[in-house]
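Colleague: I would like to learn how to read a protein model, feature by feature. Could we take one together?

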Amino acid sequence: MSQADQQKWDARYANQNEADPFAPSELLKRALSHMRESRNGSAARKALDLACGGGRNSLWLAEHGFQVEAVDVSAEGLLLAERRAASATAESSKSEPGRIRWIHADLDNGLPVTGNYDLILMIRYLDLSLFERAARHLIPGGLLVVELHMDPGTEPDIAGPRNPDFLIAPGALADAT
């Protein structure tokens, strides 16, 4: 990722605080429910959150019993996530310190992990080449959850980014797997 992009993300997260509202991805919630059903109620143990940003999904997974490794290029995003984790731990018995390992890394330089995971997330981070590399780190029966912004084509009223670098074309995800 370019230095300018890193600075952009750092600036975005520097202007947020741990009290700002944030919620996990609805797709992630459905995926975890599906995962538990397919495993007869047993919970997964280990997750990898790629491009975790301010930690919304990592924190939610930790609250649901996962050991999480969370990766992001933004040092400010990771600091925000750590503050949110500390705040959640102070307010709730659900979160436990140490359930999330925050990793500062540029995913353009490869995956900074070597382990295997029950669940890997790529939420609103578009890098088609990363799907296959990430999937190699799934345990048998593991789940890769990908949520992306689609190119709206001729539908101008669809919300989301307009920069084509952040939009996936219809069918591109299926072609990449």
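**Reading the model step by step**

Modeller: The crossing of helix 2 and helix 3 is right-handed. Keep in mind that this is a predicted model.

Colleague: At what angle do helix 2 and helix 3 pack, and how far apart are their axes?

Modeller: The angle is about 30 degrees, and the axes lie 11 Å apart. An angle under 35 degrees counts as roughly parallel, therefore helix 2 and helix 3 are described as roughly parallel to each other.

Colleague: Which residues of helix 3 are buried?

Modeller: The buried ones are N57, S58, L59, W60, L61 and A62. That is 6 of the 8 residues in helix 3, so the helix is mostly covered. For the protein as a whole, 40% of the 177 residues count as buried.

Colleague: How many helices and strands does the protein have?

Modeller: There are 6 helices and 7 strands. Read from the N terminus, the order is α-α-β-α-β-α-β-β-α-β-β-β-α.

Colleague: Let us turn to charges. What is the general idea of a salt bridge?

Modeller: Side chains of opposite charge can pair when their charged atoms come close. In this model the count is 3 salt bridges.

Colleague: Where do E26 and K29 lie?

Modeller: Both belong to helix 2, which covers residues 26-38. They are 3 residues apart, about one turn of the helix.

Colleague: Why does E26 count as partly exposed?

Modeller: Partly exposed is the class between under 20% (buried) and over 50% (exposed). E26 has 48% relative accessibility, so E26 falls in that class. K29, at 31%, is also partly exposed.

Colleague: Which residue forms a salt bridge with E69?

Modeller: The partner is R101, with the closest N and O atoms 2.7 Å apart. This pair links distant parts of the chain: E69 is in strand 2 (residues 67-72) and R101 is in strand 3 (residues 100-104), 32 residues apart.

Colleague: Is E69 buried or exposed?

Modeller: E69 counts as buried, because its relative accessibility is 14%. R101 is partly exposed, with a relative accessible area of 44%.

Colleague: What is the N to O distance for E132 and R136?

Modeller: Their side chains meet in a salt bridge at 3.5 Å, N to O. With a relative accessible area of 56%, R136 is exposed.

Colleague: Next, the aromatic rings. How is a pair of them described?

Modeller: A pair of aromatic rings is described by the distance of the centres and the angle of the planes. The model has 1 aromatic pair. It is formed by W9 and Y13, with 6.0 Å from centre to centre and 25 degrees between the planes, and it is stacked.

Colleague: Where in the chain are W9 and Y13?

Modeller: Both are in helix 1 (residues 3-14), 4 residues apart, about one turn of the helix. W9 counts as partly exposed at 21% relative accessibility, and Y13 counts as buried at 11%.

Colleague: Which residue lies over the face of Y13?

Modeller: R12 does, at 5.9 Å from the ring centre. A further case involves K46, whose charged end sits over the ring of Y117, 4.9 Å from its centre.

Colleague: Now the backbone. What is the general idea for phi?

Modeller: Most residues other than glycine have a negative phi. A51 has a positive phi of about 60 degrees although it is not a glycine. A51 is placed in the loop between strand 1 (46-50) and helix 3. Just after helix 3, G65 takes a positive phi of about 90 degrees.

Colleague: One last position. Where is N15 found?

Modeller: N15 is in the loop between helix 1 and helix 2. N15 counts as exposed, because its relative accessibility is 67%.

Colleague: How far apart are N15 and E76 in sequence and in space?

Modeller: They are 61 residues apart in sequence and 9.3 Å apart in space, taken from C-alpha to C-alpha.

Technical notes. Residues numbered from 1 in each chain as written. Predicted model: local features only at pLDDT ≥ 70, side-chain atom pairs only at ≥ 80, totals over all residues. Heavy atoms only, no water. Salt bridge = Lys/Arg side-chain N within 4 Å of Asp/Glu carboxyl O. Helix = DSSP H or I, 4+ residues; strand = E, 2+ residues; numbered from the N terminus. Buried < 20%, exposed > 50% of the residue type's maximum accessible area, 1.4 Å probe, protein only. Phe/Tyr/Trp six-rings, centres within 6.5 Å; stacked < 30°, edge-to-face > 60°. Lys NZ or Arg CZ within 6 Å of the ring centre and 35° of its normal. Axes fitted to C-alpha atoms, helices over the stretch in contact; angles between N-to-C directions. Parallel < 35°, antiparallel > 145°, perpendicular 65-115°, else oblique. Left-handed = near helix turned anticlockwise from the far one by under 90°.
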